[in-house]
Amino acid sequence: MIVLDRLTKRYGPTVAVDQLSLTVPTGSICALVGASGCGKSTTLRLINRLIEPDGGRVLIEGTDAASLPPVALRRRIGYVIQSIGLFPHWSIARNISTVPELLGWTPARIAARVDELLDLVGLDPALYRHRRPHQLSGGQQQRVGVARALAADPDLLLMDEPFGALDPVTRDGLQGALIDIQARTGKTVVIVTHDIDEAIRLASRIAVLDGGRLIQQGTPRELLAHPANSFVEAFVGGPRRGLRLLQVTPVGERTDYTVDHGDAREPIAADAMLDAALAQMVAGGIDRLPVLDRAAGRRGTLSLADVVTS
Amino acid sequence: MSAPDIASDRPPAGALARLAARPAVWASLAFVAALALLPYSAPLFHALFPELPRPLYTRASFLDLALSHAGLVGLASLVVVSLGIAIGIFVTRPAGRDFAGPVDTLTAVGQTFPPTAVLALAVPAIGYGGAPTVIALIVYGLLPVVSATIAGLGAVPAAPVQAADGIGLSPAGRLVKVELPLAAPVILSGIRTSVILNIGTATIGSTVGALTLGSPIIEGLSGSNPAYVLQGALLVGLFAVATDLWFDELERALH
């Protein structure tokens with residue numbers, strides 16, 4: 001669990017981070033979102049002490065980060081940046097093994113870990129182990145960047161706009177990979193992004209920052225359904241907020257289980273989101289869909305009216 | 001015995017051919033050949049300069065001159081490289097950043113200051129011979145290495161440095177593992193410039209009693225013996241060209 005306790009950072013007269021308090025539960029993905037200069041990247045860098053706070057504390061699993069040597073602290077925390085920053089003069093394997101080498105792992109353990117990680121991020125070890133970074137595409141490089149961050153099996157992963165420089169298709173693939181990796185490893189992830197769709201897709205909790213202050217935090221649904229003020233409302237989508245709300249609301253919540261649709265049509269899963277249901281209705285020119293709740297073993301019906309009214 | 005073992009006992013196929021394709025090898029052979037053959041070239045220089053009674057420099061052997069010359073340049077370069085890179089590193093670290101300006105000025109002054117003047121100042125203090133020559137070469141050769149180190153470290157891309165900090169390399173580890181290797185080609189080109197400059201500059205050491213390939217040149221100039229000048233210049237030129245071509249090899253190996 002990561003606890004930020006009244007964290008403050010000033011640059012001259014400018015307050016970059018202002019009395020920020022935030023708790024990130026173990027095994028969750030927390031997104032720090034906001035406009036450029038809102039202090040989200042500064043907050044991230046305060047966690048692994050790339051910069052030192054002017055006030056407040058960072059507690060990592062109950063230990064004050066300030067009480068640990070910064071270099072040792074950073075070796076325990078994965079770090080991924082937008083510009084990737086692979087070491088161009090080293091092979092992919094050596095890039096990934098940087099931290100394990102620093103920690104004095106045996107060569108055999110390191111080699112096994114490199115292959116395991118390449119598999120995890122979806123790159124064939126036999127094919128990529130010995131390549132140089134410049135021989136990889138941007139998306140592949142960032143996959144290696146993620147592997148390098150995970151190399152020493154840190155409990156915490158910090159990501160600073162990790163997919164911001166990638167094209168939409170590549171970004172989508174990497175977001176999927178991250179969700180998958182997080183589900184399999186249970187890492188605690190703090191990710192900085194200015195892309196609200198990315199935050200909605202990845203994060204279990206979103207913290208909206210403005211002017212170094214925490215404006216609102218909550219689940220994606222809470223933010224979309226009840227934005228605390230006009231700033232958050234504008235940030236989470238303005239006129240598109242309703243459509244995004246459909247992305248985070250499960251079909252099962254709006255389904256009428258007292259009515260079995262009885263249609264031959266392939267039912268939609270209860271844990272799919274409403275945007276998928278709406279898309280099927282629009283594509284099929286229909287206003288009702290059969291729903292299957294596999295876990296509870298029941299069937300129901302979702303009508304267009306249920307989609308739009310809660 | 002397996003086949004690869006037998007094969008490894010033979011010289012690698014084509015190794016000689018690859019060696020022969022290198023200009024650095026040819027230039028070095030030319031230098032060695034000139035050193036070996038010049039002592040027997042009296043008839044040639046008699047024919048070229050019939051008006052000179054002694055057209056071949058014999059006060060010291062060319063081999064001794066070359067070894068001493070190389071020794072002085074080597075010693076000076078050793079100091080220049082270690083000191084130059086150390087200075088370059090220091091002024092690009094947070095602790096030394098304030099010294100970047102003054103150091104820049106100082107090394108630039110070192111290079112505009114004529115080496116002959118350094119010799120003239122050094123001799124009264126430490127006497128004649130090799131020592132003042134080495135000092136002059138150090139002062140003269142420092143600038144290219146310092147500025148190349150600063151330029152090379154400054155040109156290291158920001159992303160790997162940022163990543164190195166973020167994943168937990170110590171400042172020293174970051175310097176040794178990331179910054180210096182990435183700056184190496186630029187630093188090496190500075191060392192190359194410095195060493196080549198000093199192979200030529202070392203000749204003036206002979207004015208203060210150091211044994212260098214400049215000795216025939218200086219004596220030839222003062223004694224109106226162009227044959228001596230030609231012999232000294234030929235050897236210094238070949239030495240410089242051969243060294244430069246080896247640096248070329250090294251730079252290519254680095255890429």
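Predicted model: local features only at pLDDT ≥ 70, side-chain atom pairs only at ≥ 80, totals over all residues.
Colleague: What makes a residue part of the lining of the largest cavity, and which residues are they?

Modeller: A lining residue has an atom within 4 Å of a point of the cavity. A:Arg74, A:Arg75, A:Ile77, A:Gly78, A:Tyr79, A:Val99, A:Arg148, A:Ala149, A:Ala151, A:Ala152, A:Pro154 and B:Ile167 meet that condition, and they are therefore listed as its lining.

Colleague: Why is this space called a cavity, and how much space lies in it?

Modeller: The name applies because a 1.4 Å probe fits there but cannot get out. About 60 Å³ of space lies in this largest cavity, and the structure holds three cavities of 30 Å³ or more.

Colleague: How do the residues of this lining divide into nonpolar, polar and charged?

Modeller: Eight are nonpolar, one is polar and three are charged.

Colleague: How do you know that chain B touches chain A?

Modeller: Contact requires heavy atoms within 4.5 Å. By that criterion, 15 residues of chain B are in contact with 21 residues of chain A, so the two chains touch. Between them they bury about 1,500 Å², 70% of it on carbon and sulfur atoms.

Colleague: Which helices supply the side of chain B that touches chain A?

Modeller: Helix H9 (158–167) and helix H10 (171–201) of chain B each supply at least two residues. H9(B) gives the most, with eight residues. That side of chain B comprises nine nonpolar, four polar and two charged residues.

Colleague: How many salt bridges and polar contacts are counted between chain B and chain A?

Modeller: The salt-bridge count is zero, whereas two residue pairs are in polar contact.

Notes: Residues numbered from 1 in each chain as written. Chains lettered and ligands numbered in written order. Heavy atoms only, no water. Buried area = accessible area lost by both parts, 1.4 Å probe. Salt bridge = Lys/Arg side-chain N within 4 Å of Asp/Glu carboxyl O. Polar contact = N/O pair within 3.5 Å; in protein donor to acceptor, adjacent residues only side chain to side chain. Helix = DSSP H or I, 4+ residues; strand = E, 2+ residues; numbered from the N terminus. Nonpolar A, V, L, I, M, F, W, Y, C, P; charged D, E, K, R; others polar. 1 Å grid on protein atoms, 1.4 Å probe; cavity = no way out; pocket = protein on both sides within 12 Å on 5 of 7 lines; lining within 4 Å. Points joined across faces, edges and corners; volume = space filled by probe spheres on them.
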